[in-house]
Amino acid sequence: MPFLRLEVLSKKFGDFWALREIDFSINEGEIVGLVGPNGAGKTTLFNLITGRYRPSRGKVLFRDQEITYCKPHEIRKLGISRTFQSCRPFAKMTTLENVIAGRVFSGKFRLFPQRIDIDTAEELLELVGIAHKAQTPAGDLTLSEQRRLDLARALATQPRLLLLDEVAAGFSPVAVKQAVELVRRVQQKGVTLLIIDHFLTLSLRVSDRLFALDHGEKVAEGTPQEVMRNREVIRAYLGMRHEEP
Amino acid sequence: MRGTKTTKRRHQELRLADSILLLGFVFLLLLPVLARDSDYVLQVFTHAVLLATLALAWNILGVSGSISLGHAAFFGVGAYGSALLSLNFGFSPWLTVPLGGLVATVVATLMGLICLRLRGAYFALATLAFVEIPKVITDNWDGLTKGSLGLVGLPGFTALRLGRYSVDFGASPAAVYYLVLCSALLLASLVALIFRSNLGLALQAIREEEVAAEAVGVQVQRYRLLSLLVSGFFTGVVGGCYAHLIRYIEPGLVYGIHFSAVPMIFAICGGRFTILGPALAALILYPVDQFIFHPLLPAGHQFLYGAVIIVAVLFMPSGFWGHLRKGQFALLKTRSVE
Amino acid sequence: MWTSVFVSGIVLGSFYTLISLGFALIFGATHTFNLAHGELLVLAGYVAYWLWKAFGLSLLFTFPAAVVVALLLCFVLQRLFSLLSEPRELNSIVVSFGIAILLQNGMLFCFSGDYRLIRVPVLNQGFHLHQIYLSYGQVALLALSLLVIALLYLLMRHTYVGKALRATIQDREAASLAGINVSGMGVVAFGIGAVLIGLAGPLYGCIHYLYPTAGPQATLLAITITIFAGIGRLRGLILGGWVLGLAESATVFLWGASWRELVSTIILLTVLALRPHGILGRDER
Ligand SMILES: Nc1ncnc2c1ncn2[C@@H]1O[C@H](COP(=O)(O)OP(=O)(O)OP(=O)(O)O)[C@@H](O)[C@H]1O
Ligand SMILES: [Mg+2]
């Protein structure tokens, strides 16, 4: 029984197909990398899974339950969380409040944040390595700190499936190494991960499987080695490299 | 450490802010004694405190990032609702003022249904237009509201008796002042609770980054509606108080753009992201307007409000109190990182 | 009877389009809302009133002065708007709201709160055309409105500045890629907008009472018609004006003048509910 299954999932913007007939599944406990050049449709796929956009066709199933047209907060309740390519921190709130906000809207509604919410939030900040910035407004963090914060906020929702959108983009080699460890630790907590990773810095090291997209279509799927040897993937990436000056 | 110097300055700023607050509070408490000889001064400050309450109520919606230019709708409905109930059924204002607030909440629901699908500038424009609906209806429903003639001879707040003590609001301007001050303090405490609760967290998250708020499970529209309803209720309550204090209302007065503009201006000048900023701005600007500009410029003294809002938006978007009190938002000052 | 409702609706609607043009142009080119639009219009009317009353100037000669005053103020406005931070649309509303308060109080100071009207007796006379009574005022209003609209149309179609402005309004990014100075076009839009306000103001003073707080009503009309039209459609503006004018004159005929103010509100809220970016315009993004 697959954990997450996408069936002929398609998304059209105007008359442009951003995603076309994606069939794909993830098993529980896996780390899957989602790769592809700019504009391939990776972020759009996340937006479909998390209910931000409605698909034009197809289905999303999570643990055998159809969630295709669920609202974002319902999907969040089922245990799917995400980070954002552009981070989107709550800029005027402190770093700690950002993470608390990730936690308190998941379960039963309580009027005030509980001690345990605060403690968990602080632990998570510790985990991603920005505990010393707890009282800083999130808007004042550096980009890489904001990425960590975004991750901590997503983890605070206690997800079963975590979707990471370019978490390691722009990280230094040291930071990438830390990120690899972090992802492993998250996995050990029993979280399944789907990682968008344009430059393959992270996914080549941690993924069990890769899934490659180009122009909204699936071009390859398999172990990292297989996918990296795939001619279409190479062409998609080389094509992209040629375009760059 | 690099941070120490700025931390020190921050602390000084915070201490300054706290001292201003304390001094201001003592001043407000002692005002009826200080202004023993002048009913006018007391009257101005009573109105200033009322406007402060209005600004606090406005900011319950404002904190979610929505700027309303239509709060006069709630103010007017609250005033008319309370006035009509007391005139037609002889209820005491103590009862009709909250009921007026409920009527305003109904109108806020209507506004929510129509306007909350919109964001930012379009929400503001829609609320600006929305005011016309209750206004024109009030104006035309002659049988009930006497139309544009307005309602006169509204009952004032009746005396309160507590055992042997009794406070007569009709005879004592100071009692009225303390009544208004108490309600302002109550609302300020409620706003402080809201800001520090998960509701406040949700509203701030919506304001900062709606998409991310949705992704962490905030039901955006539900919270926006809730804040609009609470804001509308208290605005209606203030409208009702106003009606029974002034004892005369007409549509052009209570639905006038003034009561939409003034809370917005105070909230933005004081600081939309702070608890007390909106109230403080009202307590400073209204007396300045009345004591300094009104004698100088009997016609046109309200240009002050226009000037301060322009300056605030362009040069101090977080408001003067927000500026003095950066970090007031921090939910928890525990375990500060030194 | 309905024909005269129709005729007065069209006349009124054309005039509404005229008074909305400046607002719509500024919104289209700079994506800012000028909530002081109505105040500028009323001020232009006051300028004309003052020249007419104090110096006995013929109405025709008051237009240049009104235009000059509107230009000066729009220049100030443009400078202030250039300081706006994000979100610009919303902040422009708040800032121009402040300017509206400034202008209202300025007008109260200069002209007092009394109701003023520029009385041109000949405009109240009229004639019958197939049983429909038309006043010269209505004819002049219709003719002048359509004339200004036609001039604006020619300007936008056949001059370089007009074409560049149109391109800016339709797609700022594409226009700037094509080498058009988009922010410069913003200044031009304020300039042309000011001229349009200066032309409409004195006419406004002939058919509406002038008083310091008359502005918001006119602003609301301009907002309604502009949002009805969507971005960059002169045709939409004319259609919007007519719809509003017809709806108002029908409302007045059926239920009385006191319900008139609700008409633009209902149209605006309906349009916003259906589509936040105007019913003839394209969706953004
Ligand atoms: N809301 C939208 N409206 C219209 N087009 C969109 C929208 N969102 C995405 N697109 C288009 O869909 C395509 C896929 O976008 P997407 O953001 O999913 O790419 P991506 O694979 O995440 O690329 P990147 O590596 O640049 O993040 C792009 O061509 C983009 O322009
Ligand atoms: Mg992307």
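Q: Which residues does Ser264(C) touch, not counting residues up to four places away in sequence?
A: The model is a predicted one. In it, Ser264(C) is part of helix α12 of chain C, which covers residues 260-274. Leaving aside residues up to four places away in sequence, Ser264(C) touches Leu220(C), Leu221(C), Thr224(C) and Leu244(C).

Q: Does Ser264(C) count as buried or exposed, and at what relative accessibility?
A: A residue is called buried when its relative accessible area is under 20%. Ser264(C) therefore counts as buried, with a relative accessibility of 1%.

Q: Where in chain C does Ile118(C) lie?
A: Ile118(C) counts as buried because its relative accessibility is 1%. The residue belongs to neither of the helices α4 (88-111) and α5 (121-124) of chain C, but lies in the loop between α4 and α5.

Q: Which residues does Ile118(C) touch, not counting residues up to four places away in sequence?
A: A contact here means heavy atoms within 4.5 Å. With residues up to four places away in sequence set aside, Ile118(C) touches Gly45(C), Ala48(C), Tyr49(C), Trp52(C), Leu59(C), Pro202(C), Gly205(C) and Cys206(C).

Q: What distance separates the C-alpha atoms of Ile118(C) and Ala24(C)?
A: Ile118(C) and Ala24(C) are 94 residues apart along the chain. The separation of their C-alpha atoms is 26 Å.

Q: What pattern does chain C follow along the sequence?
A: Chain C has twelve helices and two strands. Read along the sequence, the pattern is α-α-α-α-α-β-β-α-α-α-α-α-α-α.

Q: What is the radius of gyration of chain C?
A: The C-alpha atoms of chain C fill a box of roughly 55 × 40 × 35 Å along the principal axes. For 285 residues, a compact globule would have a radius of gyration near 19 Å. The value for chain C agrees with this, at 18 Å.

Q: Why does the pair Thr43(A) and Gln85(A) tie together separate parts of chain A, and how many residues apart are they?
A: Thr43(A) lies in helix α1 (residues 42-49). Gln85(A) lies in the loop between β6 (80-82) and α3 (95-104).

Q: How do Thr43(A) and Gln85(A) count in terms of accessibility?
A: Partly exposed residues fall between the limits of under 20% for buried and over 50% for exposed. Thr43(A) has 23% relative accessibility, and Gln85(A) has 38%. Thr43(A) counts as partly exposed, and Gln85(A) also counts as partly exposed.

Q: What is the radius of gyration of chain A?
A: Chain A has nine helices and ten strands. Its C-alpha atoms fill a box of roughly 50 × 40 × 35 Å, taken along the principal axes. A compact globule of 245 residues would have a radius of gyration near 18 Å, and chain A agrees, at 18 Å.

Q: How far apart are the centres of the positive and negative side chains in chain A?
A: Chain A has 36 positive and 30 negative side chains. The centres of the two sets are separated by 3 Å.

Q: Why is chain B said to be as compact as a globular protein of its length, and what is its radius of gyration?
A: Chain B has 16 helices and four strands. For 338 residues the globule rule gives 20 Å, and chain B is close to that value, so it is as compact as a globular protein of that length, with a radius of gyration of 20 Å.

Q: Which chains share the most contacts?
A: Chain A and chain C are joined by no contact, and their closest C-alpha atoms lie 10 Å apart. Two pairs of chains are in contact, and the pair sharing the most contacts is chains B and C.

Terms used: Residues are numbered from 1 along each chain as its sequence is written. Chains are lettered from A and ligands numbered from 1 in the order in which they are written. This is a predicted model: local features need pLDDT of at least 70, side-chain atom pairs count only at pLDDT 80 or more; totals for chains, interfaces and linings use all residues. Side-chain values use heavy atoms; hydrogens and water are left out. The radius of gyration is taken over C-alpha atoms; the globule rule is 2.2 Å times the number of residues to the power 0.38. Lys and Arg count as positive and Asp and Glu as negative; His and the chain ends are not counted. The place of a charge is taken as NZ of Lys, CZ of Arg, CG of Asp or CD of Glu. Buried means under 20% relative accessible area, exposed over 50%, partly exposed in between (1.4 Å probe, protein chains only).
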